[in-house]
Amino acid sequence: MKIFSLKSFCKININLRVLKKLKNGYHSIQSFIVFSDIFDLVTVSQIKNPKDKIKFYGKFKKGIDNKSNTITKLLNLLRKSGLIKGKFFSVKIKKNIPHGSGLGGGSSNAATLLNFLNSKKKLNLSNKELKSIGSKVGSDVPVLLNTKSALLTGKIGQIKKINNNFKFDILIVYPNLICSTKKIYEKNKNFSLPLPVSAFNFKSKKTLINFLKNEKNDLQNPVTKLYPKIRTIIRQLSMMKGCYFSRITGSGSACVAIFSNMSRAIAAQKLIKLKYPKYWTAVSKTI
């Protein structure tokens with residue numbers, strides 16, 4: 001029985017514009033997404049038992065249902081489609097990415113497994129088919145199939161790769177709060193116009209940072225109204241030496257701050273740990 005170990009990286013929404021509410025209840029968003037070097041570890045093997053074995057372990061396993069999650073949803077979907085008929089798997093996931101933080105851990109797990117199965121089990125699915133299957137598991141899954149900087153343009157199914165070779169030094173602070181994406185979107189009253197895709201072509205890191213300083217996350221207002229402590233964290237991060245800007249990622253609750261260099265991100269992390277010893281913090285680089 002061959003066992004495969006896969007890295008499932010976390011995503012960060014550097015900005016997020018909510019454009020409109022769709023008829024199906026979801027929302028159209030425009031967001032510049034990058035990937036951090038923090039990852040969940042996914043271990044996969046094919047088993048003879050006529051039933052999948054799914055197990056979550058690690059620091060952030062709490063709150064994840066072993067019987068109903070993005071992995072079970074994906075495997076059931078593939079089996080129903082006849083793509084893995086008669087094949088069953090043991091999937092163990094070490095959760096290093098906080099659950100309900102806006103860092104896309106669950107969606108990343110599903111995207112990582114889908115890519116693996118397509119490659120190793122020769123499902124022969126095209127990129128379009130992969131995205132279609134991924135979107136049925138979760139709205140973030142399609143953009144997480146490729147861990148390269150990308151822009152969710154706001155048009156259904158349209159993801160544009162961003163040629164961004166500029167690396168970010170990031171401090172992430174998770175205040176032990178699980179934000180309900182559905183609840184946050186329901187409370188959102190902030191809507192923005194989309195930017196032209198050409199606005200995301202950057203010739204230097206300085207231009208990129210200046211652009212992003214003037215951006216925002218439209219979901220931050222409803223999140224901070226529900227959880228005022230998040231507003232406090234964002235404000236404190238923004239005042240740290242070397243911090244370009246800070247905001248939530250996705251629908252929260254994780255707060256991210258982009259720093260001028262890693263040593264300043266580490267110095268800020270030490271100050272946050274002194275003030276909030278129970279909060280999870282991590283310094284990382286984009287990949």
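Predicted model: local features only at pLDDT ≥ 70, side-chain atom pairs only at ≥ 80, totals over all residues.
Local features need pLDDT of at least 70 and side-chain atom pairs count only at pLDDT 80 or more, while totals for chains, interfaces and linings use all residues. Residues are numbered from 1 along each chain as its sequence is written, and side-chain values use heavy atoms, with hydrogens and water left out.

Start with strand β8, residues 169-174. Strands (E, at least two residues) and helices (H or I, at least four) are DSSP runs, numbered from the N terminus. Six of the six residues in β8 are buried. Buried means under 20% relative accessible area, exposed means over 50%, and partly exposed lies in between (1.4 Å probe, protein chains only). In a regular strand the side chains alternate between the two faces of the sheet. Look for that here. Asp 169, Leu 171 and Val 173 point one way from β8. Ile 170, Ile 172 and Tyr 174 point the other way.

Which strands pair with β8? Two strands pair if DSSP finds at least two bridges between them. Five bridges join β8 to β10 (residues 255-259), and these strands run antiparallel. Val 173 stands opposite Cys 255 in β10. Six bridges join β8 to β11, again antiparallel. There, Leu 171 has Val 283 as its bridge partner.

Next come the charged pairs. A salt bridge is a side-chain nitrogen of Lys or Arg within 4 Å of a carboxyl oxygen of Asp or Glu. The structure holds six of them. One of these joins Asp 169 to Lys 285, with the closest N and O atoms 2.5 Å apart. Asp 169 lies in β8 and Lys 285 in β11 (residues 280-285), so the pair ties together parts that are 116 residues apart in sequence. Asp 169 counts as buried because its relative accessibility is 6%. Lys 285 is partly exposed, at 36%.

A second salt bridge links Asp 40 and Lys 95, and its closest N and O atoms are 2.5 Å apart. Asp 40 sits in strand β3 (residues 27-47), while Lys 95 is in the loop between β5 (88-94) and α2 (105-120). They are 55 residues apart. Both Asp 40 and Lys 95 are buried.

Lys 216 and Asp 218 also meet in a salt bridge, at 3.4 Å from N to O. Lys 216 is partly exposed, with a relative accessible area of 46%. Asp 218 is buried, at 2%.

Now the rings. Rings of Phe, Tyr and Trp (its six-membered ring) pair if their centres lie within 6.5 Å; planes under 30 degrees apart count as stacked, over 60 as edge-to-face and the rest as tilted. The count comes to eight aromatic pairs. One of them is Phe 60 with Trp 280, which is edge-to-face: 5.6 Å centre to centre, with 90 degrees between the planes. Phe 60 lies in the loop between β4 (53-57) and α1 (70-80) and Trp 280 in β11, so this pair ties together parts that are 220 residues apart in sequence. Phe 60 is buried, at 10%. Trp 280 is buried too, at 13%.

Why is the pair of Tyr 276 and Tyr 279 stacked? The ring centres of Tyr 276 and Tyr 279 are 4.7 Å apart and their planes are at 5 degrees, so the pair is stacked. Both tyrosines are buried. Elsewhere, Phe 32, Phe 200, Phe 202 and Phe 211 form one aromatic cluster.
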